[in-house]
Amino acid sequence: MFAKSALSYAPVPLPDRADYSDAEMQTKAAEYLAHMQRRHTVRDFTTRPVARTVIEQCIKTAGTAPSGANHQPWHFVAIANPALKQQIRQEAEAEERQFYAGGAGDEWIKALEPIGTTAEKPHLTIAPWLIVVFAQRWGEFDDGTRYKNYYVPESVNIATGFLLAALHTAGLCSLTHTPNPMKFLNAALGRPASEKPTMIIAVGHPSPDAKVPSVAKVKKPLQDISTVFE
């Protein structure tokens with residue numbers, strides 16, 4: 001992506017500028033809040049297909065996220081292939097069985113009870129798409145030499161948030177899944193040692209009888225998640 005010869009500062013005018021009135025800002029902020037409040041994590045998907053172009057547009061949105069030194073240290077692997085999804089499910093469930101058999105510890109298992117999760121992950125094969133998020137620990141210049149990436153976890157997490165918001169805006173549901181460890185994904189998906197898998201996101205349409213745990217609708221109030229100095 002980067003050429004050593006191009007590492008220089010070249011400012012350009014801000015290409016896009018929003019100039020809303022105070023009232024318009026209030027309206028837009030409230031509208032976006034209401035939009036995101038309708039986003040739900042689901043575990044019950046249908047097999048209804050989702051066009052590849054929709055997934056790619058959402059990934060392009062993720063790619064617009066800010067990142068340390070603009071190195072964009074992420075890679076998204078979108079998977080619709082049934083055999084590959086089945087392989088990922090088998091390996092993920094193997095890790096999950098160890099997790100629920102004691103690897104997680106009693107406190108963690110207890111914390112998950114209101115969510116209703118188990119070691120079985122049928123969504124990994126039912127959902128039409130899986131998107132695996134990789135964090136790139138280092139990159140390479142055009143001449144093959146390495147360069148360091150900065151603020152990698154923070155950058156990848158921001159991009160993943162952009163992706164989840166884009167998927168919701170497209171009318172899709174998603175489920176984040178983090179089997180531990182996830183090294184099997186590098187081999188399964190042919191990703192290099194410089195990349196670390198951080199998450200599997202199942203994407204698709206919810207089944208007609210999809211349920212969400214009631215606790216998922218309980219969100220901390222504003223005073224518990226923010227402090228303002230004015």
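**Exercise 1.** Is glutamine 72 buried, partly exposed or exposed?

*Solution.* Start with the ground rules: this is a predicted model, in which local features need pLDDT of at least 70, side-chain atom pairs count only at pLDDT 80 or more, and totals for chains, interfaces and linings use all residues. Residues are numbered from 1 along each chain as its sequence is written, and side-chain values use heavy atoms, with hydrogens and water left out.

Next, take the cut-offs: buried is under 20% relative accessible area, exposed is over 50%, and partly exposed lies in between (1.4 Å probe, protein chains only). Glutamine 72 has 23% relative accessibility, so it counts as partly exposed.

**Exercise 2.** Find where asparagine 70 sits and describe its backbone.

*Solution.* First, locate asparagine 70: the loop between helix H2 (52-62) and strand S1 (74-79) holds it. Helices (H or I, at least four residues) and strands (E, at least two) are DSSP runs, numbered from the N terminus. Then read the backbone: phi of asparagine 70 is positive, about 55°, although the residue is not a glycine. Glutamine 72, in the loop between H2 and S1, likewise has a positive phi, of about 50°. Finally, asparagine 70 is partly exposed, at a relative accessible area of 44%.

**Exercise 3.** Locate the cis peptide bond between asparagine 180 and proline 181.

*Solution.* Check omega: about 0° for the bond joining asparagine 180 and proline 181. Then place proline 181, which lies in the loop between strand S5 (173-177) and helix H7 (184-189).
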